[in-house]
Amino acid sequence: MAYLAFYRTFRPVSFDTVVRQEHIVRTLKNQIETGKIGHAYLFCGPRGTGKTTLAKIFARAINCLDAKDGSPCGECEVCKALNSGSNLDINEIDAASNNGVDEMRDLREKVQYPPVAGKYKVYIIDEVHMLTASAFNAVLKTLEEPPRHAVFILATTEPQKIPATILSRCMRFDFKLIPQKDLEELIKSVLDKTGKKYEDEAVAAIARAGAGSARDSLSIADMCASYSSGTLTYSDVNSVLGSADFSAVAEVAQSVLKEDASASLSCVENILSTGKSVGVLVKDLLNFMNECAIIKTCKNAKQIVNLPAETFAKIKEVADGCDGHKILRVTEILAKAESDLRYSLSGRITLETAIMKCAMPQADYNIDALVGKISELERKIANGIEVKVKQAAPSPQIRESIEKPAPQVKTAPALQPDEEETPFKRMPEKQEAVQPALWETQPQASAKPFHNLTEEDKRGVFGRFLRSLRTTHKNAILFTLCMDLNSFFEGEKLVLTTDSEAVLKGLTRPDNANFISETLLEFGVSSHEVRLVKAGESAYDKAVEELKHNFEGIDVEIK
């Protein structure tokens, strides 16, 4: 006898051996036991989930003379007749190749003949969505009111292509993808029956590649069993699937997450030069990022991914070296690249562009890239790593005071290393020259005396104060502390508010407080105070709430 593939050799022959689909199996069993057999069924769902298999089991079960728990016994005369090659009561029709109106007219004529061996004559029409509109119309009336001995089972992966007139005449069953755990048990049982030894990690890799399809999983297991001469290993499965070497993929992913564009492109070139396709490499990178995300967020990640210890340790090392925002951003970029490859004339350029975008967030103005950069800065500050503050675009407060003359630049007192008082690391003593911004090249003028401040002057004081701090790196830490402050005047006193205790401690230290006082004095402010307020309690927030209260019922837009 010719060799049969795993998915044919181990195809279920009873309801009890079907993998999952319990909601369908239970309904069909109850119908058989109560004798309430419908005339038309629609089995729809993803490929390899058991549609045709259940249709065959159901066709034999409704004709069996001695059904056991709803399943065909396989021993009575009818079961033996239906299993023979000369069976005429169970007809399988491939609608992909018999999709014309003539074939359906022929079916409509033959359905009138009674069954030969059993009680029912069953027509299993596979890939029924391939029928033409004329073919559907030809079988429409027969499908609605067939002879008492006829049962139709329609199977399809695309039910949305079937006319509503057909759908309304059928009892519909939606098949679901099979969970990975059940696929692993199925693969292990098949390999055990064939005497093939295996590693659990290899079986898990096959089940993941099967993507919820029992037939796909068994087909991959069949190839892997033929490839491996001894025990089936995880590396054997990767070789059969054509995946890139794990260490090379890990190197690309690590370089991308470290934002090293040069190293990332070099690794990609090395992998592609071995003959791996662009699509396979993108898929491998997506799988790696998915495993990083699982390890980063799930406590039982080791059980979920089920990888060899060495592989798991490497992925965990990569995942622990970056934050979740960065993993999410890289995954989204690679997923888009995988979609773009379908329409790209140069897949290599599409992949390399995506790699550069992943490894160069500073050139990407997407919100996820900005969040990732902020998270990285927070991590460096928390770990005491020196951070160089680059000049940014002016805030609205600073922009408002651009036209105001700037005072002579002063240097803030050096911050003492005191980790308990403030989380910020002391900047180096050496002062570095910085190219001034355009608005900082205006001629300087002497400050106004504090007793002559006008309302217009008061509005621009805080902006000019911040601008004076941005001119040298030595004032960068103090600028960082002040940039998120809110300000307002109580008479002649400038009140600065913050909701962070760390910022309050940093600004009220004697050296910093004296420096702020001296600087503000040059702008005409004789006194200032730094206050700690809870979120929503600042003067600005109170003014907004009062405005909304006074104009209740009117949409107030705050800009």
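Leu-191 is buried, with a relative accessible area of 0%; buried means under 20% relative accessible area, exposed over 50%, and partly exposed in between, with a 1.4 Å probe and protein chains only. The residue sits in helix H8 (residues 180-194). Helices (H or I, at least four residues) and strands (E, at least two) are DSSP runs, numbered from the N terminus. This is a predicted model, in which local features need pLDDT of at least 70 and side-chain atom pairs count only at pLDDT 80 or more, while totals for chains, interfaces and linings use all residues. Residues are numbered from 1 along each chain as its sequence is written, and side-chain values use heavy atoms, with hydrogens and water left out.

Leaving aside neighbours within four places in sequence, Leu-191 is in contact with Phe-6, Lys-196, Tyr-198, Val-203 and Leu-232, where contact means heavy atoms within 4.5 Å. Phe-6 is 185 residues from Leu-191 along the chain, yet their C-alpha atoms are separated by 9.4 Å.

## The five-stranded sheet

Five strands form an open sheet in the order E2-E3-E4-E1-E5, with parallel pairing; two strands pair if DSSP finds at least two bridges between them. The edges are strand E2 (90-94) and strand E5 (171-174), each with a single partner strand, so one side of each has no neighbour in the sheet. On average, neighbouring strands of this sheet are turned by 15° against each other, direction ignored. Axes are lines fitted to C-alpha atoms, for helices over the stretch in contact, and angles run from 0 to 180 degrees between N-to-C directions.

Strand E3 (residues 121-126) pairs with strand E4 (residues 150-156) in the parallel sense over six bridges. Asp-126 has Ala-155 in E4 as its bridge partner. Helix H5 (residues 101-110) packs on the sheet and touches E2, E3 and E4, its direction making about 165° with that of E3. Helix H3 (residues 51-61) lies across strand E1 (40-44), E2, E3 and E4, and runs at about 155° to E1.

A nonpolar core is a set of buried Ala, Val, Leu, Ile, Met, Phe, Trp, Tyr and Cys residues joined through side-chain atoms within 4.5 Å. The largest such core has 62 residues, of which Ile-206, Val-252, Leu-281, Phe-288, Leu-334, Leu-351 and Ile-355 touch the most other members. H14 gives the most to this core, with ten residues. A second, separate core of 29 residues includes Tyr-41, Ala-61, Cys-64 and Val-78.

Helix H14 (residues 278-297) has 20 residues and should span 28 Å at 1.5 Å a residue; its end C-alpha atoms are 29 Å apart, which agrees. The expected span is 1.5 Å times one less than the number of residues. Among the buried residues of H14 are Leu-281, Val-282, Leu-285, Leu-286, Phe-288 and Met-289, together with Asp-284 and Glu-291. Leu-334, leaving aside its neighbours within four places in sequence, is in contact with Val-282, Leu-285, Leu-286, Met-289, Ile-355 and Cys-358.

## Salt bridges

The structure holds 22 salt bridges, a salt bridge being a side-chain nitrogen of Lys or Arg within 4 Å of a carboxyl oxygen of Asp or Glu. One of them joins Glu-269 and Arg-348, with the closest N and O atoms 2.5 Å apart. This pair links distant parts of the chain, Glu-269 in helix H13 (residues 261-273) and Arg-348 in helix H18 (residues 347-359), 79 residues apart. Glu-269 counts as partly exposed at 30% relative accessibility, and Arg-348 counts as partly exposed at 36%. Arg-348 also meets Glu-352 in a salt bridge (3.6 Å, N to O). Arg-348 and Glu-352 both lie in helix H18, four residues apart, about one turn of the helix. Glu-352 is buried, with a relative accessible area of 18%.

In helix H16 (residues 309-320), Lys-316 and Asp-320 are four residues apart and therefore separated by about one helical turn. Their side chains meet in a salt bridge (2.9 Å, N to O). Lys-316 is partly exposed at a relative accessible area of 37%, and Asp-320 is partly exposed at 46%. Elsewhere, Glu-490, Lys-493, Glu-529 and Arg-531 are linked in a network of salt bridges.

## Met-223

Met-223 lies in helix H10 (residues 214-227) and is partly exposed, with a relative accessible area of 46%. The C-alpha atoms of Met-223 and Val-240 are separated by 7.2 Å, and the two residues are 17 residues apart along the chain.
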